[in-house]
Amino acid sequence: TQPLKPTKIDVYWPNSEQDHLILTLEGYEMMMGTVIFRLNRTSQHSFTGEIILPVCTENSMTWYGQLTDGEKFINTSIRMEQ
């Protein structure tokens, strides 16, 4: 993804009764705070949302965090490059 550019995320998440997922990310190489995004249900097992990551002074950065439905979670990361 690129900084300040909307990026669509689609997630397959079976066996959840929730109407949304929460994606929480933090910068790995540089402290940029925590960003939180909501992915809404689009079908029985699919969720979608849009993320916009802040600008970093480096040319690239890794964002790491968790995706959860409130009961289960997975660790994830996104690589951002200018």
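I began with a term: a salt bridge is a side-chain nitrogen of Lys or Arg within 4 Å of a carboxyl oxygen of Asp or Glu. I also noted that this is a predicted model.

**Entry 1: the Asp 19 pair**

I looked up Asp 19 and found its side chain in a salt bridge with Arg 38, at 3.9 Å from N to O. This pair links distant parts of the chain, its two residues being 19 residues apart. Asp 19 sits in the loop between strand 1 (7-12) and strand 2 (20-27), while Arg 38 belongs to strand 3 (residues 34-41). I then checked how open the two residues are. Asp 19 has a relative accessible area of 47%, and Arg 38 has 45% relative accessibility. Buried means under 20% and exposed means over 50%, so Asp 19 counts as partly exposed, and so does Arg 38.

**Entry 2: the other salt bridges**

How many salt bridges does the structure hold? I found 4. One of them joins Lys 8 to Asp 10, with the closest N and O atoms 4.0 Å apart. I recorded both Lys 8 and Asp 10 as exposed.

Arg 79 forms a salt bridge with Glu 81, where the closest N and O atoms are 4.0 Å apart. Arg 79 is partly exposed at 39% relative accessibility, and Glu 81 is partly exposed at 44%.

**Entry 3: charges**

I looked up the charged side chains of the protein and noted 6 positive and 10 negative. The centres of the two sets lie 5 Å apart.

**Entry 4: the fold as a whole**

I listed the elements next. The protein has 0 helices and 6 strands, and the order from the N terminus is β-β-β-β-β-β. Its radius of gyration is 13 Å, close to the 12 Å that the globule rule gives for 82 residues, so the protein is as compact as a globular protein of that length. Along the principal axes, the C-alpha atoms fill a box of roughly 40 × 20 × 15 Å.

**Entry 5: contacts and surface**

I looked up the contacts with a separation of 6 or more, and 59% of them are between residues 24 or more positions apart. Of the 82 residues, 32% count as buried. For the accessible surface I wrote down about 5300 Å². Carbon and sulfur atoms account for 50% of that surface.

How values were computed:
Residues are numbered from 1 along each chain as its sequence is written. This is a predicted model: local features need pLDDT of at least 70, side-chain atom pairs count only at pLDDT 80 or more; totals for chains, interfaces and linings use all residues. Side-chain values use heavy atoms; hydrogens and water are left out. Helices (H or I, at least four residues) and strands (E, at least two) are DSSP runs, numbered from the N terminus. The radius of gyration is taken over C-alpha atoms; the globule rule is 2.2 Å times the number of residues to the power 0.38. Buried means under 20% relative accessible area, exposed over 50%, partly exposed in between (1.4 Å probe, protein chains only). Contact means heavy atoms within 4.5 Å. Accessible areas come from the Shrake-Rupley method with a 1.4 Å probe; for residues, only the protein chains shown count as cover. Lys and Arg count as positive and Asp and Glu as negative; His and the chain ends are not counted. The place of a charge is taken as NZ of Lys, CZ of Arg, CG of Asp or CD of Glu.
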